[in-house]
Amino acid sequence: MMLEHALFLSAYLFSIGIYGLITSRNMVRALMCLELILNAVNINFVTFSDFFDSRQLRGDIFSIFVIAIAAAEVAIGLAIVSSIFRNRKSTRINQSNLLNK
């Protein structure tokens, strides 16, 4: 795969993630869009690591760290969303005013 193709795919995923994060009103959808953004960053790490120095695996190691952080973020985020859903019966972002009570 050429460098331009990978960067175009990464930019496309990143822009979909940003658009979804801005326009999303559902917390679960916002978490999914955040995952798209992190996957776009992973594609960039691996692509630039392969393009500039294929003998060293710095980009691959960074992408593994990003995947681990994303997994922890999803676990904590879904736990918070399920707790909010249990209390408020809704996962909409604009309906969860937690600081009002």
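Analyst: Let me start with the record: UniProt, in an unreviewed entry, places the feature "transmembrane region" at residues 6-23, 30-49 and 61-85. Please keep in mind that what we are looking at is a predicted model.

User: How much of residues 6-23 is helix, and how far apart are the end C-alpha atoms?

Analyst: The span of residues 6-23 is 100% helix and 0% strand, and its end C-alpha atoms lie 26 Å apart. For residues 30-49 the span is likewise 100% helix and 0% strand, with the end C-alpha atoms 29 Å apart.

User: At what angle do α2 and α3 pack?

Analyst: Helix α2, residues 27-52, and helix α3, residues 58-88, pack at an angle of about 175°, and their axes are 9 Å apart. Because angles over 145 degrees count as roughly antiparallel, α2 is roughly antiparallel to α3. The residues of that contact divide into 15 nonpolar, five polar and four charged.

User: What span should α3 have, given its 31 residues?

Analyst: At 1.5 Å a residue, the 31 residues of α3 should span 45 Å, and the end C-alpha atoms are 44 Å apart, which agrees. For α2, the 26 residues should span 38 Å by the same rule, and its end C-alpha atoms are 38 Å apart, which agrees as well.

User: Which residues of α2 are buried, and what covers them?

Analyst: The buried residues of α2 are M27, A30, L31, C33, E35, I37, A40, N42, T47 and S49, and what covers them includes α1 (3-23) and α3.

User: And which ones are buried in α3?

Analyst: In α3, the buried residues are G59, S63, V66, A70, G77, V81 and I84, and their cover includes α2. As background for reading such lists, an α-helix has 3.6 residues a turn, so residues three or four places apart point the same way.

User: Switching topic, where is A72, and is it buried or partly exposed?

Analyst: A72 has its place in helix α3. With a relative accessible area of 39%, A72 is partly exposed, because buried would require under 20% and exposed over 50%.

User: How far apart are A72 and C33?

Analyst: C-alpha to C-alpha, A72 and C33 are 16 Å apart in space, while in sequence they are 39 residues apart. C33, for its part, is among the buried residues of α2.

User: Last one: what follows α3?

Analyst: The residue following α3 is K89, and its phi is positive, near 60°.

Definitions and conventions: Residues numbered from 1 in each chain as written. Predicted model: local features only at pLDDT ≥ 70, side-chain atom pairs only at ≥ 80, totals over all residues. Heavy atoms only, no water. UniProt positions renumbered as here; feature names shortened; annotations may be inferred. Helix = DSSP H or I, 4+ residues; strand = E, 2+ residues; numbered from the N terminus. Axes fitted to C-alpha atoms, helices over the stretch in contact; angles between N-to-C directions. Parallel < 35°, antiparallel > 145°, perpendicular 65-115°, else oblique. Nonpolar A, V, L, I, M, F, W, Y, C, P; charged D, E, K, R; others polar. Expected span 1.5 Å × (residues − 1). Buried < 20%, exposed > 50% of the residue type's maximum accessible area, 1.4 Å probe, protein only. Contact = heavy atoms within 4.5 Å.
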